[in-house]
Amino acid sequence: KAYSIWSDFGFGRDYGLFQAVAQTSLENKDWVIKKMEEIIRKTVEAPDFSSEEIARSKQAILRSLFFTFETQFSQVKELAKFRLLGYPDDYLKVFQKAIAQVSRKDLERVAKKYLHPERLKTLIVTNEKGK
């Protein structure tokens, strides 16, 4: 029912803005929003991350670094962002090592600390005709 769906935390000095995004038809918006809210709530209240999901997610994050640093411009841009945020010079190595060490318990702890289903805000963007 959704063309595309994803979520992430933005970068920041402490933690960034969490966003969950879906692209869907206007007719399906209520169902998609409800489903996303259910998944976020379950992630906090009754997480059940499988070992396979965790391994796949780690691999996806680590592989995405290739595309994040694909061009010289993107390398400079990302490194400048890290510098502005006060990250250490070896941040990428630290990041890669930390991702590799993430456990199920880490995911559960972080979900409870940073995801707040009761505080979700919804923004719907559509064209003028509502199609």
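The protein, seen here as a predicted model, contains 5 helices and 2 strands. Read from the N terminus, the order of these elements is β-β-α-α-α-α-α. Along the principal axes, the C-alpha atoms occupy a box of roughly 45 × 35 × 25 Å. The chain has 131 residues, of which 18% count as buried. When contacts between residues at least 6 apart in sequence are considered, 57% of them join residues at least 24 apart.

**Helix α2**

Helix α2 comprises the 18 residues 51–68.

Within α2, the residues Ile54, Lys58 and Leu65 are buried. Viewed down the helix axis, the buried residues of α2 lie within an arc of 35 degrees and therefore line one face of the helix.

**Phenylalanine 69 and glutamate 78**

Phenylalanine 69 is located in the loop between α2 and α3 (72–84). With a relative accessible area of 14%, under the 20% limit, phenylalanine 69 counts as buried. Setting aside residues up to four places away in sequence, phenylalanine 69 touches Ser74, Gln75, Glu78, Phe82 and Leu92. Valine 44 lies 25 residues from phenylalanine 69 in sequence, and the two C-alpha atoms are 32 Å apart in space.

Glutamate 78, one of the residues touched by phenylalanine 69, belongs to helix α3. Its relative accessibility is 10%, and glutamate 78 therefore counts as buried. Apart from neighbours within four places in sequence, glutamate 78 is in contact with Thr68 and Phe69.

**Glycine 16**

Glycine 16 occurs in the loop between β1 and β2. Is this residue, glycine 16, buried or exposed? Its relative accessible area is 14%, so glycine 16 is buried. The C-alpha atom of glycine 16 is separated by 21 Å from that of isoleucine 124, a residue 108 places away along the chain.

| Residue | Relative accessible area |
|---|---|
| Glycine 16 | 14% |
| Phenylalanine 69 | 14% |
| Glutamate 78 | 10% |

**The second largest pocket**

The second largest pocket holds about 990 Å³ of space. Its lining consists of 32 residues, and those nearest the centre of the pocket are Ala20, Met36, Lys121, Thr122 and Leu123. Two or more lining residues are contributed by each of β1 (2–9), β2 (18–24) and α1 (29–45). Which element gives the largest share of the lining of the second largest pocket? Strand β2 does, with 7 residues. By residue class, the lining of this pocket divides into 19 nonpolar, 8 polar and 5 charged residues.

Terms used: Residues numbered from 1 in each chain as written. Predicted model: local features only at pLDDT ≥ 70, side-chain atom pairs only at ≥ 80, totals over all residues. Heavy atoms only, no water. Helix = DSSP H or I, 4+ residues; strand = E, 2+ residues; numbered from the N terminus. Expected span 1.5 Å × (residues − 1). Buried < 20%, exposed > 50% of the residue type's maximum accessible area, 1.4 Å probe, protein only. Arc of directions from axis to C-beta. 1 Å grid on protein atoms, 1.4 Å probe; cavity = no way out; pocket = protein on both sides within 12 Å on 5 of 7 lines; lining within 4 Å. Points joined across faces, edges and corners; volume = space filled by probe spheres on them. Nonpolar A, V, L, I, M, F, W, Y, C, P; charged D, E, K, R; others polar. Contact = heavy atoms within 4.5 Å.
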